[in-house]
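Subject: Structure handover and notes

Dear colleague,

Please look it over first, and then read the notes below with the model in view.

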Amino acid sequence: MRGDGVRDETKTLAPVPALAGMAEALRLVEGGSPAELRRRSVSLLRERLALPWVRCLALDASGRWLEEEGEAPSLACDDFRHPYAHAIRNGRPLALGLGEARTRLDHEAFQAATAGLPAAWRLVVRPLRACDGKREWLGVLAVAGPAERVEALIECDDYLAFEALLCRLWAWLVRQHDERRDQARLRDSLAELNDGARRRTLSERLGRRILGESPAIRTLRDQLVRAAETNLAVLLQGETGTGKELVARGIHEVSARHEGPFLAVNCAAIPESLLEAELFGHVRGAFSGAERDREGLFGEADGGTLFLDEIGDMPLALQAKLLRVLETGRYRPLGGDRERRVDLRLVAATHQPLHRRIREGSFRADLYYRLGQFPLTLPALRERREDIPVLAQAFIDDFCRREGREDIGLGRAVLRALDDRDFPGNVRELRNLIDYACAMTRDGESLAPEALPVASALPGAEDAAGESPQGGEASLDPGTGGEPGGGEVFDLRRALRDYEATLIRQRLARFDGNRTLAAESLGLPKRTLAHKCRQLQLDSP
């Protein structure tokens, strides 16, 4: 107090005796884990009570081992050569001289831990257990020092209060830790159950689009759900006609991007000179005929999914630009002076062996690995023959709905005939066969084996023409040299081109020039058929 009666705040207040231990208690309370609590307790006994040697060990969950912080080995509670085991098993404090202990107890770890301590010192080991609840065992507290100091400590009320506080905090932290661990396990279990249920639901949704219950197709649907959960680029590989675009749409519909656009482009159906503008867009005046700005498929698919079919036919120069888009998320329209950002998932597909294309130098290896972040191989129809009845019935229902026809049945004889086929064109070929058979069947009747078109005379012709030749249409007759109109084949490409042109003319004639129906019957996009008509000069009179 200053002379003017005002308290001098600059002087340190004397400690209040009744609250002298609160600072030490706070240090213990602030221990956030059992291990931290034990470290603080040991430090407190060493600092405040000048105890030269203090150890605090925890009993593990099994109750069989005592563990100390650091690299010290665990001590077995049933090894009575160590004094800690005696204290835990008997449930009572143990006090003995170090000299006597070294003589009676030959435990290597105990001998090593006390090797440098005077033999005249006293060792006290006190077992610790919770003060409430189940009174579970927690561990042991061991102190060593001059006999008079250690014995006086054990009889001190302040030390007993310290030990009681330590046990209460220790038990509370252990229970809190166990509760959090159990809650985390429960959350993980619930999350796993929810993930499993969600994936099953999505797989069932895919089952309405990707038909079949064969092991191969069920595995594929599960893989599609896994792919949809990521933003990885997906590479679909498989034979022609296995439904790659259908699978790409399925990935989009069960992904987080399902509300965004889905756009598809066949890289083989667009001339090389136009494919870049189709993908990247262009600005007005970028080239002859560019009378206005165009967004391009990358811009239109922003926030959604872009499907690039027949990626193996993409020109090398364009492959390099596609790789940059995938790596940076940026592209530049033709003739543009600024780059644009795009956020989309890319799904690419090919029926060509890209490894061989890489060896030939016609496909970039770095693009292949970037596209194949999540590779999927679509099963051929011969690998899932048990799905033929389901697919055939779905194609019949679709035909009747499109054509406004009455119900058409599916008999066992037709299914046996279908099961005997090889289906080089896979599901697309099956659909074309069913469409043709339905067209040859009256309303209310069932399909007959005779209604199916004859099998292709040239295996693999579906790859060139889009399907196997059907009855009444162009066929390659081995008896006439294999070329429409007879004659020996000297140029295979020319023969296939002539066959393709003949088949397309016949289909256009069947549908009175309607390209939409002709393209659908051939399993081709209308744009692809139009391109082939220009390429084969079928528009010329």
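The secondary structure of this protein comes to 21 helices and 15 strands, and please keep in mind throughout that the model is a predicted one. Of the 541 residues in the protein, 42% are buried. Among the contacts between residues at least 6 apart in sequence, 64% join residues that are at least 24 apart.

The largest nonpolar core here has 30 residues, and the members that touch the most other members are Leu279, Phe298, Leu306, Leu308, Ile311 and Leu322. At least two residues of this core come from each of several elements, including strand 8 (262-266), helix 10 (272-280), strand 9 (305-309), helix 12 (316-328) and helix 14 (365-371). Helix 12 gives the most to this core, with five residues. If you select Leu322 and set aside residues up to four places away in sequence, you will find that Leu322 touches Phe280, Phe298, Leu308, Ile311, Met314, Leu346 and Leu367. There is also a second, separate core of 26 residues, and Leu28, Val124, Leu141 and Cys167 are among its members.

Sorted by class, the contact of helix 1 with helix 2 has three nonpolar, two polar and five charged residues.

The second pair is helix 20 (residues 515-522) and helix 21 (residues 526-535), whose axes come within 9 Å and cross at roughly 100°. That angle makes helix 20 roughly perpendicular to helix 21. From helix 20, Arg515, Thr516, Ala518, Ala519 and Leu522 meet Lys526, Leu529, Ala530 and Cys533 in helix 21. By class, the contact of helix 20 with helix 21 has six nonpolar, one polar and two charged residues.

Charged residues and their partners

Glu276 is found in helix 10, and the side chain of Glu276 makes a polar contact of 2.3 Å with the side chain of Lys321. When neighbours within four places in sequence are left aside, Glu276 is in contact with Gly281, Leu318, Lys321 and Leu334.

A polar contact of 2.8 Å joins the side chains of Arg257 and Asp343.

Trp121 is placed in the loop between helix 5 (108-113) and strand 5 (122-129), and Trp121 is buried, with a relative accessible area of 18%. Although Trp121 and Glu148 are 27 residues apart in sequence, their C-alpha atoms are 9.3 Å apart in space. Leaving aside neighbours within four places in sequence, the contacts of Trp121 include Pro52, Trp53, Leu98 and Pro146.

In helix 3 (residues 83-90), the residues Pro83, Tyr84, Ala85, Ala87 and Ile88 are buried. Helix 3 is followed by Gly91, whose phi is positive, near 70°.

Glu310 has a positive phi of about 50° although it is not a glycine. Glu310 lies in the loop between strand 9 and helix 12, and at 12% relative accessibility Glu310 counts as buried. Asn426, which is not a glycine either, has a positive phi of about 60°. The place of Asn426 is in helix 17 (residues 426-439), and Asn426 is buried, with a relative accessible area of 0%.

With best wishes

How values were computed
Residues are numbered from 1 along each chain as its sequence is written. This is a predicted model: local features need pLDDT of at least 70, side-chain atom pairs count only at pLDDT 80 or more; totals for chains, interfaces and linings use all residues. Side-chain values use heavy atoms; hydrogens and water are left out. A nonpolar core is a set of buried Ala, Val, Leu, Ile, Met, Phe, Trp, Tyr and Cys residues joined through side-chain atoms within 4.5 Å. Buried means under 20% relative accessible area, exposed over 50%, partly exposed in between (1.4 Å probe, protein chains only). Helices (H or I, at least four residues) and strands (E, at least two) are DSSP runs, numbered from the N terminus. Contact means heavy atoms within 4.5 Å. A polar contact is a pair of N or O atoms within 3.5 Å; within protein, one must be able to donate a hydrogen and the other to accept it, and residues adjacent in sequence count only if both atoms are side-chain atoms. Ala, Val, Leu, Ile, Met, Phe, Trp, Tyr, Cys and Pro count as nonpolar, Asp, Glu, Lys and Arg as charged, and the others, Gly among them, as polar. Axes are lines fitted to C-alpha atoms, for helices over the stretch in contact, and angles run from 0 to 180 degrees between N-to-C directions. Angles under 35 degrees count as roughly parallel, over 145 as roughly antiparallel, 65 to 115 as roughly perpendicular and the rest as oblique.
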